[in-house]
Each structure stands twice: as C-alpha cells, then as structure tokens.
Amino acid sequence: MSYIELKNVSYRYPLAETDALKNINYAFEEGKLYGIIGENGGGKTTFCDLIKGLIPSFYGGDLTGEVFIKGKEIREWESSALASTIGYIFQNPFTQISGIKETVFEEIALGLENLGVEREEIIDRVTSVVRQLKIEHLIKNNPNKLSGGQRQRVAFASIIAMETDILVIDEPTSQLDPKGTSDIFEIIHLLKEQGKTILLVEHKIDLIAEYADEVLVIKQGELITNGKTSDVFSNVNLLNEGVNIPQIALLSNDMKEQGKPFDTFAITRSQAREQILKKGSEKICH
Ligand SMILES: Nc1ncnc2c1ncn2[C@@H]1O[C@H](COP(=O)(O)OP(=O)(O)OP(=O)(O)O)[C@@H](O)[C@H]1O
C-alpha cells in the first residue's frame, strides 16, 4: 500500500479560470524524501496544501479525483487525526510562530496541548526535541524576538514534537542565510534518518540533489516529470522547461558531450569529486 496516493487529482481555486493542479497521479512510499520542484506559480504550494488537507476544506474551490493518506481518502479524515499524522512547515518563519506564547518552550508545547497530550508527556517530548535540534539555550527566550533562522528551528521543533509520520515542508530556507539553511538541512537529514516520509519544496536545487530520493517536477499544475533524483537531473533538457538543474549535473553533461563521461553521472559535489579522483588515478596508472 502506498503511503500517500493521488488518483486523477485536479483542483481549481474559487473564481479561478484554470486548474491549479491538473490530473495528477502519484504514489508516495513510506520513509522517502521527495523533492518537489518547478517554476514559480507552478502549483507546488497548492500540492502541499492538498496533502495537508487544506484543500478544499480551507480554501474552497473544486477538487476532483482522490487523495489517499495511509489508505484512507483525505475527505474521510478527522482534521485532528490528520494534524497528528502530517506536519506542515512553510516558508515564512515569522508567520509560523503563534505570537501568543512567551517562551520557546511554551511555543513548542502549544501544538501538543491542542491535541490534548498529557502534561508530563509534553514536557518529555519538548525536552527531547530541543536537545535533538540543539536549541536548549533558547527555551526561555521570547519566540517573537528570535532571528529568522532560530524561528525556523523552533517551527521545526514544534512539528517534530507532534511526532507525525509525514512532513510536508514548503521552502523552509527561502528566507534564511547559508548557515541557517545548512542548520535546517541538518534537521531534515535527521528526520529522514528517523524514517519520516518527507515532501520538500525547495528552490535550492543542489540541496534537493543531495538529499532527495525522488523528485517531482510540477509545471502549470501538471506533474511533468518524476523519478529517482539522479535520473531526473541527468536530463538537462529540463532546463527548457524552466527547471533548475544542479551545476554538477551540468558539469557531468559537459563531460559527456566532450566524449569524457564520468562512469556515473554525478549530480552532487561529493559524487563529482569521487569521479574526478577516479579519473585522475586511472590516468596515473596508465
Ligand atoms: N488562494 C489562491 N486563490 C487563487 N489562486 C491561487 C491561490 N493560491 C495560489 N493560486 C494560484 O495557483 C497557481 C499555483 O500557485 P502555487 O502557489 O501553488 O505555486 P508554487 O509553485 O508554489 O509557486 P512559488 O514557487 O512561487 O511558491 C498560481 O497560478 C497561483 O496564482
């Protein structure tokens, strides 16, 4: 059984003249990290909102087809049950903070309180997650006075504390500096290691190349390409579809066109380094 499955899904926002999602079919497996990419306005956030159950319940509009989460159609899920199954982290770290709590500890505990989790269990979970994300030093701080990167880590902590199996993460680093970005990807990596199923929208394509197991490319509401990350990025023609391709994949393609291909098409720096070292040592041996 697929973990999340979409069958012939189309969706149109209220008053819109065209569909924001067009006849999407896809089956997500448990424990994988899926990168969702494509040009601006293509439908990535709409796709995330759909999986999170916000479409059509929150936005209204016209949804056709079926979305199954762990085998059950999304419209049959109670919203609280869905909230404890799917965690959602979105772009803006400033709007993720509730604004009503005075300490980071209380902020992280808020979602658990709303789900009716026992006080002791809340303390255990919050203590564990702040340790995991190395933010113990922030727990007494006012969440409204944190930097963007710190807020995003607190947002992750709040969602991780909910212990959802599925995480939908929409451009989590769009407003962060390189250090904040690498901290967040360290957390995403940790979540993947823990076996979470992750749907990640991210424009920083090199990070998708490094972390995603599979990639989905969405353009004008259609799923135009999908597959293993290395397969998708070895098709540099996707540039013509407005899709960013990792620089290393372009280098691999250049090598191929020069008649000196790598043994394995590299899409990340470490893969390219390995191939270059291999080529260097072959040269010395001959
Ligand atoms: N609340 C809304 N009401 C009506 N139309 C919307 C709404 N939200 C998004 N759209 C439209 O749906 C289409 C898909 O938008 P969406 O935000 O899902 O794209 P995206 O791929 O996430 O874009 P970006 O990369 O810029 O975040 C766009 O044409 C957008 O204008």
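Tutor: An axis is a line fitted to C-alpha atoms, for a helix over the stretch in contact, and angles run from 0 to 180 degrees between N-to-C directions. The model is predicted: local features need pLDDT of at least 70 and side-chain atom pairs count only at pLDDT 80 or more, while totals for chains, interfaces and linings use all residues. Residues are numbered from 1 along each chain as its sequence is written.

Student: How many helices and strands are there in the chain?

Tutor: Helices (H or I, at least four residues) and strands (E, at least two) are DSSP runs, numbered from the N terminus. On that basis the chain has 11 helices and 10 strands.

Student: What is the radius of gyration of the chain, and what does the globule rule give?

Tutor: The radius is taken over C-alpha atoms, and the rule is 2.2 Å times the number of residues to the power 0.38. The chain is as compact as a globular protein of its length, 286 residues, because its radius of gyration is close to the rule's value. The C-alpha trace spans about 70 × 50 × 35 Å along its principal axes.

Student: What percentage of the residues of the chain count as buried?

Tutor: A residue is buried if 20 or more other C-beta atoms, placed from the backbone, lie within 10 Å of its own, exposed if 12 or fewer, and partly exposed in between. Of the 286 residues, the buried ones make up 38%.

Student: In the chain, what percentage of the contacts with a separation of 6 or more is between residues 24 or more positions apart?

Tutor: Two residues are in contact if their C-beta atoms, placed from the backbone, lie within 7 Å. Among contacts with a separation of 6 or more, the share from residues 24 or more positions apart is 64%.

Student: How do α6 and α7 lie, roughly parallel or roughly antiparallel?

Tutor: Helix α7 covers residues 178-193, and its axis comes within 9 Å of that of α6, crossing at roughly 10 degrees. Angles under 35 degrees count as roughly parallel, over 145 as roughly antiparallel, 65 to 115 as roughly perpendicular and the rest as oblique. The crossing angle therefore makes α6 and α7 roughly parallel.

Student: Which residues of α7 make the contact with α6?

Tutor: From α6 the contact takes G148, G149, Q152, R153 and F156. By class, the contact of α6 with α7 has three nonpolar, four polar and two charged residues (nonpolar: Ala, Val, Leu, Ile, Met, Phe, Trp, Tyr, Cys and Pro; charged: Asp, Glu, Lys and Arg; polar: the others, Gly among them). The α7 side consists of G180, D183, I184 and I187.

Student: What is the handedness of the crossing of α5 and α6?

Tutor: The axes of α5 (residues 119-132) and α6 (residues 148-161) come within 9 Å and cross at roughly 135 degrees, so the two helices are oblique to each other. A crossing is left-handed if the near helix is turned anticlockwise from the far one by less than a right angle, and right-handed if clockwise. The crossing of α5 and α6 is right-handed.

Student: Which residues of α6 make the contact with α5?

Tutor: On the α5 side the contact involves R125, V126, V129 and V130. The contact of α5 with α6 includes six nonpolar residues, no polar ones and one charged. The residues of α6 are A157, I160 and A161.

Student: Which residues of α5 make the contact with α4?

Tutor: Helix α4 (residues 104-114) has its axis within 10 Å of that of α5, at a crossing of roughly 130 degrees; the pair is therefore oblique. From α4 come F105, I108, A109, L112 and E113, and from α5 come I122, R125, V126 and V129.

Student: Is L6 buried or exposed?

Tutor: L6 belongs to strand β1 (residues 4-12). Leaving aside neighbours within four places in sequence, its contacts are I24, N25, Y26, G65 and V67. Because 22 C-beta neighbours lie inside 10 Å, L6 counts as buried.

Student: Where is Q220 found?

Tutor: Q220 is not a glycine, yet has a positive phi of about 45 degrees. With 17 C-beta neighbours inside 10 Å, Q220 is partly exposed. Its place is the loop between β9 (214-219) and β10 (222-228).

Student: Which residues does the cis peptide bond with omega of about 5 degrees join?

Tutor: Most peptide bonds are trans. The bond joins I55 and P56.
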